[in-house]
Amino acid sequence: MISVVTIISFVAIIYVGPLAPYLGMGIAHTLVGATIMFLIGSARSSVKEAMTLPQDAPAILLASGISAMLAGQASVDMDVTAATVAVLVPISALTTGIIALFVGAFRWGAVIRYVPHQVIAGFLAATGYLVVLAGLSMLVNENISTFNLPFIFASDILYVCVPWAIAGVLLAYGARKVKSIFFLPGALLALFAIFYLTLLLLDLTLDDARALGLLLGPFTGSTFINNVDPTVLFRADWSLVLQQAPLILAVVGLTLLGTIQ
């Protein structure tokens with residue numbers, strides 16, 4: 001359950017703003033990819049207890065790069081752009097996997113010993129900072145950056161941000177203090193129950209909650225299978241994918257640094 005919630009949160013970080021209507025497609029594709037990743041990792045990993053799943057740092061970097069890509073387009077066909085994003089994400093993962101295989105095969109991971117501690121510290125600090133901005137972007141369904149950060153303090157936005165900021169702090173504190181594998185699943189179930197109980201007490205329907213920005217969506221109403229759309233390969237703007245080569249290489253570098261540090 002925790003893995004599914006985490007994966008969906010990564011997708012929601014990427015599919016914000018004008019991409020929000022395509023969130024269902026993004027979730028379907030990512031869950032399929034995560035399942036394949038988990039099965040291959042379980043079969044091939046030398047550590048059988050390890051779980052191979054999508055990670056936060058690459059997702060955040062992709063979200064930032066995709067946001068910049070959208071901002072740099074003069075005219076946007078969102079169907080084409082959504083298909084391009086749906087292709088860019090797995091290509092980044094596939095490229096990372098191939099390069100990681102070569103790094104492992106030639107024992108190049110030892111070069112991490114020559115990376116200064118300050119660089120590693122900066123990497124971790126920047127990742128945490130981007131995690132916070134990405135979480136805020138997901139909450140308000142807008143791309144939040146350093147320049148428009150005061151936007152979240154608007155009176156009509158605080159009611160969305162404050163409760164979940166408090167919940168995040170309590171989860172982080174509880175995870176450190178409570179040494180039980182049942183804490184996080186139990187806490188997530190408790191948060192679900194509190195949320196829907198609050199809707200009931202306030203006499204709000206799910207449509208009301210969605211209109212207030214309290215739920216993911218809007219979704220198109222398609223089923224999970226229908227959202228797994230192989231035609232994105234033909235609808236994507238491949239020239240735009242190639243233009244994102246620096247972003248793909250950045251994802252590769254960030255992933256390798258995070259893996260072998």
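Mentor: Happy to! This is a predicted model, in which local features need pLDDT of at least 70 and side-chain atom pairs count only at pLDDT 80 or more, while totals for chains, interfaces and linings use all residues. Residues are numbered from 1 along each chain as its sequence is written, and side-chain values use heavy atoms, with hydrogens and water left out.

Trainee: How many helices and strands are in the protein chain?

Mentor: The protein chain has 12 helices and zero strands. Both are DSSP runs numbered from the N terminus: helices are H or I with at least four residues, strands E with at least two.

Trainee: What makes a residue of the protein chain count as buried, and what share of the 261 residues does?

Mentor: Buried means under 20% relative accessible area, exposed means over 50%, and partly exposed lies in between (1.4 Å probe, protein chains only). Buried residues make up 31% of the 261.

Trainee: What is a nonpolar core, and how many residues has the largest one?

Mentor: A nonpolar core is a set of buried Ala, Val, Leu, Ile, Met, Phe, Trp, Tyr and Cys residues joined through side-chain atoms within 4.5 Å. The largest has 36 residues, and Ile 14 and Tyr 15 are among those with the most contacts inside it. Helices supplying at least two residues each include H1 (2-14), H2 (23-44) and H3 (56-71). H3 gives the most, with seven residues.

Trainee: Which residues is Ile 14 in contact with, leaving aside its neighbours within four places in sequence?

Mentor: Contact means heavy atoms within 4.5 Å. Among the partners of Ile 14 on that basis are Leu 19, Ala 59, Ile 66 and Val 89.

Trainee: Why is the pair of Phe 195 and Tyr 196 called edge-to-face?

Mentor: Rings of Phe, Tyr and Trp (its six-membered ring) pair if their centres lie within 6.5 Å; planes under 30 degrees apart count as stacked, over 60 as edge-to-face and the rest as tilted. For Phe 195 and Tyr 196 the centres are 5.0 Å apart and the planes at 85 degrees, so the pair is edge-to-face.

Trainee: And what makes the pair of Trp 164 and Phe 195 tilted?

Mentor: Here the centres are 6.0 Å apart and the angle between the planes is 45 degrees, so this pair falls into the remaining class, tilted. Trp 164 is in helix H6 (residues 155-177) and Phe 195 in helix H7 (residues 183-201), 31 residues apart. Trp 164, Phe 195 and Tyr 196 form one aromatic cluster.

Trainee: How do you know that the buried residues of H7 line one face?

Mentor: The buried residues in H7 are Ala 187, Leu 188, Phe 195 and Leu 199. Seen down the helix axis, they fall within an arc of 110 degrees, so they line one face. That arc is taken from the directions from the helix axis to the C-beta atoms. The face turned away from the buried side carries the exposed residues Leu 189, Ile 194, Leu 200 and Leu 201.
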